[in-house]
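Reader: Please take me through this predicted complex. Keep it brisk.

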Amino acid sequence: MFNIVIVGVGGQGTLLASKILGVLAMNNGYDVRVSEVHGMSQRGGSVVTYVRISNDQPIYSSIVEQGQADVVLAFENLEAVRALPYMKKEGTMIINTQEILPMPVITGAAQYPANCLERTRDAVKTVELNAVEIAHECGTYKAANVVLMGVLAKSLPFSEEEWKKAITACVKPKFLDVNLMAFDRGYNY
Amino acid sequence: MKQLMLGNEAIARGAWEAGVRVSSAYPGTPSTEINENIANYKEIYSEWAPNEKVAVEVALGAAVSGARSMACMKHVGLNVAADPFFTATYTGVNAGMVVIVADDPGMHSSQNEQDTRLLARASHAPCLDPSNSQECKDFMKLAYEISEEYDTPVIVRLTTRIAHARTLVEVGERVLPELKEYKKDIKKYVSMPANMIGRHKVVEARELRLGEDANTLSVNRIEWADRKVGVVTSGAAYNYVKEAMPNASVLKLGLAYPMPRKLIEEFAAGVETLYVIEDMEPFYEDTIKAWGIPCSGKDKTGVQGELFMHKIEEKFMDAEPVGPMNTTDIPNRPPVLCPGCPHRGLYYVLGKLKLTVCSDIGCYTLGALPPLSGVDTCVCMGASIGMAHGMEKARGAEQAKRTVAVLGDSTFCHSGMTGLLNMAYNRSVGTVIIADNSITGMTGHQNNPANGKDIHGDPTTALDIVKLCEAMGVASVRIVDPFDLKETEKVIKEEVARDGLSVVISRRPCALIIKQTNKPVVNDPDKCVGCGMCLKVGCPAIIKTETGVRIDPTQCVGCGMCTQLCHFGALKAAE
């Protein structure tokens, strides 16, 4: 059983990441549960997606709860902190080091914490990278999610070839080359 | 061959395999993707209806005429559709009819936590409650069998965590039943009292028969394990129970209503302690207690919010309480109007004019959040108009000059037209603002009767809102561009002052459906005096700094609305 939580801000492309993971696990004979968020919070709010895969015990719940996550993929620094309670003590947080200010900060009603990354590092093992920049170098900043998939690939028992098959199944042919390049950059990070 | 499917996608697949011919729906989270997926099956006629009442009537007409049919909606949609639905259970259906209703415990994207099982009982409709995508698909087939065997519409009730979870599904092929013969049957299909007295007796007998048959129905099953604790459960709660209490015996109810009394009695007799663990209301628990069987559950979980595994461990297994799922000492991130959203200009003007705003259900409800804080009320689809009218009639015409109703184009089509007719008929001098962004936005951009496109995006008749308002007798109908702040302010000022009913159509397409320049607004820090005027509109791209503001180029879509607010020329549209 392997539990993954994907957190970010509505509109950052977290749904594609969970879809790739789901297809990958299914193709390799694993049971899968993916829980998505639709509706109101997609409008720039905090979004959380859960992915649970298993080839040893049955999965019933589609939710990853406190202390259950092996890996958290955080698309944004503040959301990384928000997601800390999900982590297993020995888990890993993969962070796209981007700051997107929430409305209370924009209006001056609250402060964006200065120490998000330190706080996360103090709590769990982290891998930090500017996936947006790396994706931009590959051709589109939108492939940041696939860069993160490349980093995640090293924590999961699937071959590079299987990952690429899953990505091919999930992205539009037009954007396939960019995404495969983004995956490689993450995989070799 | 297995496929990874969203619960809603599996419902659509199940409908297709069961030979459904007609599907009608109004979008609403968490149900929207059902009919979107149905639309991909060319063999099924699908449509967006203006509201859920119409959708259920369409499905009923199709079923009575002999075709398997369905209607889909979120939980509050069934309130709108309750009128036809509560009598459709009397008339019966001929061919199978299923209404899929998606509840939202935890209120991820809804205004209340309403339990559809209660409406199933109140309307005497059977109700199925699946736990994963495979069951979503399989239960659809069963729902049509029950519908035809017992001659009644059937509810398939989902919750957010079932509708929006992807799990593996073994798919099958489509089996298309012949159209059933349609026979005129006045005693059955004409709901006059003399006919329906007889039909109500049929309903009662049918319900007793199904309740009896439910004892052996395959989807109601006992999973015997340790007999110290037994749990009656269903739907998403079943999943959490299986993980939190792996040793407990479980009675899983696939059919939530009517309940299988003998099976429950057998299960209760076989365990030492009986718990009932269910999302939302104590629906099973109350009935089981009424049968004289000791049990408990809701005293531990309460009715608000979702059940999770940890909650069940803590309440029923004496596990240590765990903290909240999120870190709580950091700024929260509420949803916001998107960069470039046309509603932002409208709410800025309404706030400036200090009007009382009766708003409605849609993206524009987000105008209630700081810094716009521009909404006084929001209750249900269409309530903006009725409530603004009520305020006027309670407090006099002067109140109408300080009040507006605001609702979107899709919401106006759904439930606004009758409210506006009421205003015209009853001599209102109020003002209704239709925020027409040419799409049903919040649910993910569905077409609607006012934008001239059908569910497939093909051109169709578009409602002419101006002509409609004029035909109703509205004294003044005007169209403004909400990004022209001066003009919008002028027009709204004039219309609220008018001694007659007026409609202002605030018209500009949703920022997500039109091509933006994506050239960020340019900020000249030398000219910025830090007055904060531009921060009043709550745009996620305008960031407060120590000396003034800066524009976030990854957020700004270049709409340029903010440049109208800067009196010092610090904000300029890109060249």
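Author: Domain bounds, as used below, come from an automatic or database domain assignment. Residues are numbered from 1 along each chain as its sequence is written, while chains are lettered from A and ligands numbered from 1 in the order in which they are written. This is a predicted model: local features need pLDDT of at least 70, side-chain atom pairs count only at pLDDT 80 or more, and totals for chains, interfaces and linings use all residues.

Reader: What pLDDT does chain B average?

Author: pLDDT is the predictor's confidence in each residue, on a scale from 0 to 100. In chain B, 100% of the residues score at least 70. The chain B average is 97.

Reader: Which ipTM does the predictor give the complex?

Author: Two scores describe the complex. The pTM is 0.97. The ipTM is 0.95.

Reader: How many residues of chain A are in contact with chain B?

Author: Contact here means that two C-beta atoms, placed from the backbone, lie within 7 Å. Chain B brings 46 residues to the interface. From chain A the number is 44.

Reader: Which elements give two or more residues to the side of chain B that touches chain A?

Author: Elements are DSSP runs numbered from the N terminus: helices are H or I with at least four residues, strands are E with at least two. Chain B meets chain A with 46 residues. The elements of chain B that give two or more are β1 (2-6), β8 (165-170), α11 (235-244), α15 (309-316) and β20 (542-544).

Reader: How many nonpolar residues does that side of chain B have?

Author: Ala, Val, Leu, Ile, Met, Phe, Trp, Tyr, Cys and Pro count as nonpolar; Asp, Glu, Lys and Arg as charged; the others, Gly among them, as polar. The side of chain B that touches chain A has 13 polar and seven charged residues. Its nonpolar residues number 26.

Reader: Which residue of β8(B) stands opposite V34(A)?

Author: Two strands pair if DSSP finds at least two bridges between them. Strand β2 (residues 31-35) of chain A and β8(B) pair in the antiparallel sense over three bridges. Five bridges join β8(B) to β1(B), also antiparallel, with L6(B) opposite R166(B). Across from V34(A) stands R166(B).

Reader: Which strands stand at the edges of the sheet?

Author: The sheet is open, with mixed pairing and eight strands in the order β6(A)-β5(A)-β4(A)-β1(A)-β3(A)-β2(A)-β8(B)-β1(B). An edge strand has a single partner, so one side of it is left without a neighbour in the sheet. The two edges are β6 (125-129) of chain A and β1 of chain B.

Reader: By how many degrees are neighbouring strands of this sheet turned against each other on average?

Author: Axes are lines fitted to C-alpha atoms, for helices over the stretch in contact; angles run from 0 to 180 degrees between N-to-C directions. For the strand average in this eight-strand sheet, direction is ignored. The average is 20 degrees.

Reader: Which helix packs on the sheet?

Author: It touches β4 (69-74), β5 (87-96) and β6 of chain A. Its direction makes about 140 degrees with that of β5(A). The helix is α6 (residues 144-152) of chain A.

Reader: What distance separates the centres of domain 1 and domain 3 of chain B?

Author: The assignment for chain B gives domain 1 (2-215), domain 2 (221-316), domain 3 (342-507) and domain 4 (522-572). The centres are taken over C-alpha atoms. The separation is 33 Å.

Reader: Which strand gives the largest share of the side of domain 1 that touches domain 3 in chain B?

Author: The contact takes 13 residues from domain 1 and 14 residues from domain 3 of chain B. The largest share on the domain 1 side is three residues. They come from strand β3 (residues 45-48) of chain B.

Reader: Is G374(B) buried or exposed?

Author: A residue is buried if 20 or more other C-beta atoms, placed from the backbone, lie within 10 Å of its own, exposed if 12 or fewer, and partly exposed in between. G374(B) lies in the loop between β14 (356-358) and α17 (383-395) of chain B. Its count within 10 Å is 25, so G374(B) is buried.

Reader: Which loop of chain B holds the cis proline P258(B)?

Author: The peptide bond from Y257(B) to P258(B) is cis, with omega near -5 degrees. The loop lies between β12 (255-257) and α12 (261-269) of chain B.

Reader: What is the phi of M107(B)?

Author: Most residues other than glycine have a negative phi. M107(B) lies in the loop between β5 (97-103) and α6 (116-123) of chain B. M107(B) is partly exposed, with 14 other C-beta atoms within 10 Å. Its phi is positive, about 50 degrees.
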